[in-house]
Amino acid sequence: MVDLSAVEWTLSLTEPDAFGSSLPTGHQWDFVPANVPGTVAGALAAAGRFDSGAPVPLHGKDVWYETWFDAKPGPYRLCLEGLATIAEIYLNDEKVLESRNMFRKHRLPVDLVDRNKLQICFRALEPHLSAKGPRARWKPQLATSQGLRLVRTTLLGHMPGWCPEIHAVGPYRPLRLEQAGLPCVISKHVQSDLAPDGSATLSVSLKLENTTVPPTLKCAGASIQMAEQEDGSWTGVLRPAGVTPWMPHTHGEPVLYDVDLEIEGQTLSLGRTGFRRLEIDRGEDGKGFGLKVNGIAVFCRGAVWTNADLLNLSGDRETYRPQLEAARSAGMNMLRIGGTMLYESRAFYELCDELGLLVWQDMMFANYDYPVKDEAFMDEVRAEIFDQLQETQGCPSLAILCGGSEIYQQGAMMGLPESRWKGPLCEEILPALANEHRPDVPFAANSPMEGVLPFSPNEGIAHYYGVGAYQRPLEDARRADVRFAGECLAFSNIPEQRSLDRELPVKPGHDPRWKARVPRDRGAGWDFEDVRDHYLKSLYGVDPAELRYGDPDRYLDLGRAVTADVMEQTFAEWRRKASSCQGALVWTFQDLAMGAGWGLLDASGEPKPAYHALKRAFRPVQVCLTYEGTNGLAVHVINDRPEEKAVSLQLQCLREGRTSVVSGQLELLLMPHQAVELNAVDLIGAFFDVTYAYRFGPPSHDVTLLRMTDTNSGDLLADAFHFPLGFDASKVAADVEAGLERDDHGNWFLSLETDRLLRFVSISCETHRPSENWFHLAPGVAKRLRLLPRDMSASDMSPSCRISALNRDSFSAG
């Protein structure tokens, strides 16, 4: 094999169609070193010629990639995993391929000589976006060009207000040359299944080149010689005994097994698989939408994935791993790849398999009215779906396939009848392709869908922004009767100050660079900072404009807290036993540029306060509180795990955040996958106006706190807080003890203890990252946090932390 990523590549830019064929050797153009796989933007940035903070358009130029390499003469297979977008490939000055689809994969026979020249010309996309096509029934405001509906490329870089206008151009997925004549797999179908009785089946069908010897299929201690079919393919069915089912990590263990072929003494890997069964749960009334894994109802929680590396579009394990591990660490069990984004590589799915993360995969269709009657266009779509679903064969993490994002919603919001916006692409063509290539994965026609209108939240899949963009009160999260939110809770989430100081050192509202990084919808007279400010005023009782002008640092801290607060309270509503909601995915997981974007992680990968709030809200073993007015304070106890759990609940109502006025305790044995709803009275044993709903005299307390501990070990499992008088961030004189210690393994820990409740404690450390942050700290109970080194260079450094709370002045430890 010739590793085309190991050879030296260069690129150069020309005017569109300046050269209609392979460039002449020795031309005197300005060449820039380039990485393959990689992008034009990434190569230019590495050369100091592209600023991702102020990107220049790239779709108005042709770009020529070129490399020279030596090889043993003979026949080879040239494999190209992804070319963005209109591309021509020349080998030794002969055109060998044209590609018009960023999402296609190509594999073609070529002949090499001793010394070879390989060139790829990426034609300017701009003329193709200006081309005329079939008339559209509606024109969305999502992206800058209506021509994007006619070209199979990503919308990333074309959505002002959503992400930087960094255009995807280049060989963004690997290129390789394989020597012909060796046995190889050219296509495969791998389906693992788990029956209701727990028996496992692995069905494999594949096509091979350069061998007629029957291959042997092996998995989980079982093996079988595969049988040749009339069409030349090979099939085999294994029924391994005693396998452990694959489950999302919140509800079990993501157990995987190697799948191998033995051919002529060689072992070829087909990857790893897990045995699981997926079903859509429509609920008792048939109008819901949820997911059952191996017969267990799973509350799906997580976020919508954007991209791990917008500049280079990297698709390797090293790029994905930190962010996917952060998702798992936060208790997420599902990520959705939306139709506005990009199909991710096999490495993404393999990591999700290992980490126990479910993947909701939209096809890359969003908002537009696509030309389904254009046969050439649809031929590309069919080939694209085949290529992309080949990528995920055997991966148990793939849980939902979806026809795309907001196509139905867009047409319906334009006032068109259902007959105009519901069509064959999502109703017939895509589901048939999904069923053919991944029949083990449920299919949803679009997100959102169903209901009296496709965006009604009380049926099927919703994109719920009642709490959020539409500025509804928090109780709307219950009133809306959300069944499953494929998107929700979009806020302009403010990064930690450390990140802003490093990459965006400007004051909010005082610098156009700040506003440029705040998300907005095209054509709207408001942005998502206005949304955050609405909740800052309605929930915390402060004037955002006055605070931003007078004390911008305080404005940022309260803004960080309020989006975290809203998200945690909303998921408490949705996860309670009586809720109709079966899952919700926050918009979005990560930012694509530094600033107060939608992401739970900022553009550098640093968790924001909202991330830490959701980490609490998503705990598999969880307790939360909801305000029920004159019905008191509801206590919701949840055990998602497959093991029974003995827990102790301790409730306290505190005056001035420190003096206990009433308390209670209750022991529970939680069964596997059980949720229980109690009332505070069940713990106290008598009437007490916990919510201050009856108002018999002045309030007796200002906070209720609930701790859930493991009965056997005494370890804290979860805690929850309720503030009957609302939010009050007035400064208090709390005595806080803070200490740093290092264990025998070299791990650093921070211990905190206070005599008075602290609201939204935040910890800032240059060399280390706290395992928890932006939490309420109860009085009289020590809290111990691990401090994780940010990189290897910090492993032996002694951390120094700055600790603050919204209701106390900051101080240092270390």
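This section describes a helix, salt bridges, a pocket, a surface patch and backbone geometry in a predicted model.

The model is predicted, and local features were taken at pLDDT of at least 70, side-chain atom pairs only at pLDDT 80 or more, and totals for chains, interfaces and linings from all residues. Residues are numbered from 1 along each chain as its sequence is written, and side-chain values use heavy atoms, with hydrogens and water left out.

Secondary structure elements are DSSP runs numbered from the N terminus, with helices (H or I) of at least four residues and strands (E) of at least two. Helix α14 covers residues 552-575, 24 residues in total. Relative accessible area was classed as buried (under 20%), exposed (over 50%) or partly exposed (in between), with a 1.4 Å probe and protein chains only. In α14, 20 of the 24 residues are buried, so the helix is largely enclosed by the rest of the structure.

Side chains of opposite charge can pair when their charged atoms come close. With a salt bridge defined as a side-chain nitrogen of Lys or Arg within 4 Å of a carboxyl oxygen of Asp or Glu, the structure holds 63 of them. One of these joins K105 to E81, with an N to O distance of 3.5 Å. This pair links distant parts of the chain, 24 residues apart: K105 is in the loop between β7 (94-99) and β8 (106-112), and E81 is in the loop between β5 (74-80) and β6 (87-91). Both K105 and E81 are buried.

The closest N and O atoms of R382 and D379 are 3.4 Å apart. An α-helix has 3.6 residues a turn, so residues three or four places apart point the same way. R382 is partly exposed at 32% relative accessibility, and D379 is partly exposed at 45%.

R769 and E606 form a further salt bridge, at 2.8 Å from N to O. Here the partners are 163 residues apart, with R769 in strand β40 (residues 768-770) and E606 in the loop between β29 (583-586) and α15 (609-617). R769 is partly exposed, at 27% relative accessibility, whereas E606 is buried, with a relative accessible area of 8%. Elsewhere, salt bridges that share partners join R77, E81, K105, R107, R176, E178, E209 and E391 into one network.

Pockets were identified on a 1 Å grid over the protein atoms alone, as open sets of points where a 1.4 Å probe fits, with protein on both sides within 12 Å along at least five of seven lines; lining residues have an atom within 4 Å of a point. Grid points were joined across faces, edges and corners, and the volume is the space filled by probe spheres set on the points. The second largest pocket holds about 1200 Å³ of space. It is lined by 35 residues, and those closest to its centre are E81, R176, E178, V185 and E391. At least two lining residues come from each of β5, β8, β10 (175-179), β11 (184-194), β18 (266-273), α4 (346-355) and α5. Strand β11 gives the most, with 5 residues.

F687, Y694 and F696 make a nonpolar surface patch of about 380 Å². Patch residues have over 30% relative accessible area and no salt bridge; nonpolar side chains (Val, Leu, Ile, Met, Phe, Trp, Tyr) are joined within 5 Å, and like charges within 9 Å. Accessible areas come from the Shrake-Rupley method with a 1.4 Å probe. F687 is in the loop between α16 (680-684) and β35 (703-710) and is exposed, at 55% relative accessibility.

Most residues other than glycine have a negative phi, and most peptide bonds are trans. The peptide bond from V36 to P37 is cis, with omega near 0°, and P37 is in the loop between β3 (32-34) and α1 (40-46). The bond from A84 to T85 is also cis, and T85 lies in the loop between β5 and β6. Q471, which is not a glycine, has a positive phi of about 60°. Q471 lies in the loop between β27 (461-464) and α9 (476-479) and is partly exposed, at 29%. F760 has a positive phi near 50°; this residue lies in strand β39 (residues 758-765) and is buried, with a relative accessible area of 2%.

Methods:
Expected span 1.5 Å × (residues − 1).
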